[in-house]
Each structure stands twice: as C-alpha cells, then as structure tokens.
Amino acid sequence: MSISKRQQQILTLLDENEYMSVVRLSHLTYTSPSSIRRDLTRLQNLSLIRRTHGGASLLRELNHAVPLNSRMEKNITEKRKIAKSASALLCDGQTVMLDGSSTAGFMVPYIAKHNDMILFTNNMQTAINAVNYGIKTHCIGGASVDQSVVLSGEQAYSAVVKLNPDILFFSSQSLDADGYIYDPIPEENHLRELMLKNAKCSVFLCDSEKFGHRSLYRLASVNDIDFCVFDKPIPELSAKCKILY
C-alpha cells in the first residue's frame with residue numbers, strides 16, 4: 001500500500017495548509033486536476049485524507065492506523081533527529097528491543113555502532129535492516145497485523161513475556177496533553193504493554209506532530225516511562241520522566 005512521491009507531496013501540503021482545493025494542488029504540483037482527483041481518491045481509500053467538495057483536508061482523527069509504508073515516508077527528518085538523541089542511551093553489550101513502529105526502526109544504524117548488541121523486534125523490515133547492518137537479530141514471531149510487516153498476536157505475546165531486554169525503544173500513534181500514550185491497534189498496544197512490563201529501561205520516541213491527539217486504546221502514561229525523546233520541546237506537556245531532544 002505504498003504511495004507515490006506526488007501523493008506524499010499532497011500529504012505534506014495538506015499538513016501545512018489543513019485544506020486545499022484541487023485547483024491549488026494542481027498548480028503547486030504541476031499536475032492536471034484529473035490526476036490530482038485520482039491521487040485524492042487513492043489517499044482517501046488509505047484513510048489518510050478527507051475528500052470535500054472541490055478539495056481535501058488531512059484526516060486528523062487518529063482512531064485508525066496509518067499504513068506502515070506511509071508512516072515510513074512521513075516525518076523522516078524528525079524521526080532521524082529523535083533516533084540520534086535516543087542513541088545517547090545505548091552502550092556496548094546491551095539487549096535492545098524495538099517495537100513495530102517506523103520510528104523505532106530508525107534506531108538500527110545507531111545500535112550497529114556498538115559492540116556485542118542483541119536486538120529483538122516484531123517488525124520484519126526492521127529485522128532485515130538490522131541483519132544487513134550485522135546486528136545479532138531475533139525477529140519476534142506472530143501473525144501479520146493488517147497484512148503489514150509488523151507481527152503480533154498470541155505467538156508474539158508468548159515470546160515477549162519470556163524476554164527481559166536492557167532497553168526498549170517504542171513509539172505509538174498519539175500523545176494527549178495529559179501525558180497519556182495511545183494507539184488504535186489493540187494487538188500492537190497489548191504487545192507494547194508486555195514489552196514495557198519486562199524492559200529494564202523504557203524509551204518513548206515521539207515526534208511533536210503526535211502531541212495533542214488521542215486514539216482508541218490507552219497504553220501508558222509518560223510518567224510510567226523512563227525516558228521520552230521528542231524532536232523539539234513540548235512546553236504544554238508535564239512529565240516526571242527524563243526528556244531528551
């Protein structure tokens with residue numbers, strides 16, 4: 001369910017302007033209105049935008065899951081910045097766990113810089129990338145979530161409860177003003193709950209765009225997490241945990 005470069009450009013424009021007409025999108029992307037309409041139909045079918053008469057707006061409601069391919073292509077600069085800041089928590093010889101999020105996957109190059117690291121993840125793409133970096137990698141089993149590269153379900157739950165990683169890096173889809181973390185997918189949310197129970201150190205990776213939203217399932221409070229890592233300060237958030245930027 002990948003999207004084209006032009007469709008990603010449309011998402012970026014809608015993110016910056018909230019609403020844009022077909023005519024305006026056509027002008028800014030040097031594309032015919034008919035092609036823009038097809039792009040908007042595609043993005044609406046992926047639950048990324050809301051079509052309106054003569055234009056579209058970005059879908060801000062977060063009780064749905066954005067396809068992983070779209071997440072991987074979104075906010076790349078911010079995710080890299082977050083991963084670089086979070087890498088200060090890594091040291092040689094650690095057992096590291098990464099959840100299935102696209103944000104956690106950006107930790108792989110930094111893990112590879114250390115010696116004697118062992119990595120566990122329920123994201124098949126992250127596991128492949130880690131292997132290519134030469135990291136000793138274990139892919140947590142399970143069933144594909146919504147036909148994605150992320151694995152969860154009973155097999156994954158059974159595996160995670162037996163693991164006690166030194167450090168867990170995870171993300172989620174939203175963080176509200178009260179400091180509660182949410183996600184719309186119950187299987188992923190429950191797996192993260194189990195990961196959090198057994199990890200010696202937990203690190204929440206969150207780009208600032210996710211702040212101020214709620215999804216269907218509550219995961220935890222930032223006060224239950226050891227570290228939060230953001231791409232920029234969030235003055236509205238009151239948290240007892242240590243915060244990195």
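How many aromatic pairs does the structure hold?

The model is predicted: local features need pLDDT of at least 70, side-chain atom pairs count only at pLDDT 80 or more, and totals for chains, interfaces and linings use all residues. Residues are numbered from 1 along each chain as its sequence is written, and side-chain values use heavy atoms, with hydrogens and water left out.

**Exercise 1.** Identify and classify the aromatic pairing in the structure.

*Solution.*
1. Rings of Phe, Tyr and Trp (its six-membered ring) pair if their centres lie within 6.5 Å. The structure holds one such pair.
2. Planes under 30 degrees apart count as stacked, over 60 as edge-to-face and the rest as tilted. The ring centres of F170 and F204 are 5.2 Å apart and their planes stand at 35°, so the pair is tilted.
3. F170 belongs to strand β9 (residues 167-170) and F204 to strand β12 (residues 202-206), so the pair ties together parts 34 residues apart in sequence. Strands are DSSP runs (E, at least two residues) and helices likewise (H or I, at least four), numbered from the N terminus.
4. F170 and F204 are both buried (under 20% relative accessible area, 1.4 Å probe, protein chains only).

**Exercise 2.** Describe the residue Y30, which has a positive phi.

*Solution.*
1. The phi of Y30 is about 55°, although Y30 is not a glycine.
2. Most residues other than glycine have a negative phi.
3. Y30 is located in the loop between α2 and α3.
4. Y30 is exposed (over 50% relative accessible area), its value being 77%.
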